[in-house]
Amino acid sequence: MASKFYVVWKGRKPGIYTDWNSCKAQVDQFPGARYKSFKTQAEADAAFKGSPSATVVKKSNGQRPANGHKSSVKTYSSNEVKAFEADTKIFTDGGCEPNPGEAGSGVAVYRANEVSELWYGLYNPMGTNNTAELNALHQALLMAEQELSAERSVAVFCDSKYSIQCITQWAVGWEKKGWKKSGGEIKNLELIQTIYHRYQTIKDKVQILHVNGHVGVEGNELADRMSILAMESKVPEFVQYQEPLDVPAILKMRAG
């Protein structure tokens, strides 16, 4: 018999779970997750049928904590990415050579864990790595809106902690302070504001998650190759890759 019963009111799959690992899978990194443990099945049943506001509810350590810059971002492994439940997974990357210098962005779109589309472009002859990463994330959120309108669940995977924290953590405080910070200028402010306001409209339906670059996450590697292609082709628009989606061949392209 379970020693504890975990009620998830808001998570990937609301319900009652009899072990912590199952509960954690529903609430970990889920924005605004609500859950609580109970000693008996009867208490859990009663609580689940009721309202989470009727009792003390734990908040998961999601992406918008109050501590701003002191917050960390969970990094997802290749296996965790594959196991993550989402109809569509969008991977982003940006590159710049040198930094600052020629910059470009890339995106890889997966549906049912199979690569479906590749995108590249937004070449900037005087960009930075951070602007390239932010631009890629912006395109991913635009795509996420389309996926949601088609009633597909979606998650975004980005290898830039800076971009993730700008949009999901730091911008909350910056906005409250009139888009100012105590340390001085907010770099890339206009771009951050644009992405942040778009994220606010879909944040309850889309997660922006971190993966490390060049550790075998296929979607990240493909997005990386697209960012290099963007720099080499100098394409100012954001365009779909029209060549066959031959993953081994694309991975042999120059990496960033």
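**Notebook: sheet, helices and aromatic pairs**

I began with the strands and found an open sheet of 6 strands in the order E9-E8-E5-E6-E7-E10, with mixed pairing. I took two strands as paired if DSSP finds at least two bridges between them. Helices (H or I, at least four residues) and strands (E, at least two) are DSSP runs, numbered from the N terminus. Strand E9 (206-210) and strand E10 (238-240) stand at the edges with a single partner strand each, so one side of each has no neighbour in the sheet. I noted that neighbouring strands of this sheet are turned by 20° against each other on average, direction ignored. For such angles, axes are lines fitted to C-alpha atoms, for helices over the stretch in contact, and angles run from 0 to 180 degrees between N-to-C directions.

The model is predicted: local features need pLDDT of at least 70, side-chain atom pairs count only at pLDDT 80 or more, and totals for chains, interfaces and linings use all residues. Residues are numbered from 1 along each chain as its sequence is written, and side-chain values use heavy atoms, with hydrogens and water left out.

I next looked up the pairing of strand E6 (residues 101-111) with strand E7 (residues 114-127): they run antiparallel and are joined by 9 bridges. Val107 has Trp119 in E7 as its bridge partner.

I then asked which helices pack on the sheet. Helix H4 (residues 129-149) touches strand E5 (88-97), E6, E7, E8, E9 and E10, and its direction makes about 160° with that of E5. H5 touches E8 and E9, and its direction makes about 145° with that of E9. Contact here means heavy atoms within 4.5 Å.

I turned to the aromatic rings. Rings of Phe, Tyr and Trp (its six-membered ring) pair if their centres lie within 6.5 Å; planes under 30 degrees apart count as stacked, over 60 as edge-to-face and the rest as tilted. By this rule I recorded 12 aromatic pairs. One of them, Tyr76 with Phe157, is edge-to-face, at 6.4 Å centre to centre and 75° between the planes. Tyr76 lies in the loop between strand E4 (58-59) and helix H3 (78-83) and Phe157 in strand E8 (residues 154-158), so the pair ties together parts 81 residues apart in sequence. Both Tyr76 and Phe157 are buried (under 20% relative accessible area, 1.4 Å probe, protein chains only; exposed is over 50%, partly exposed in between).

I also noted that Tyr76, Phe84, Phe91, Tyr110 and Phe157 form one aromatic cluster.
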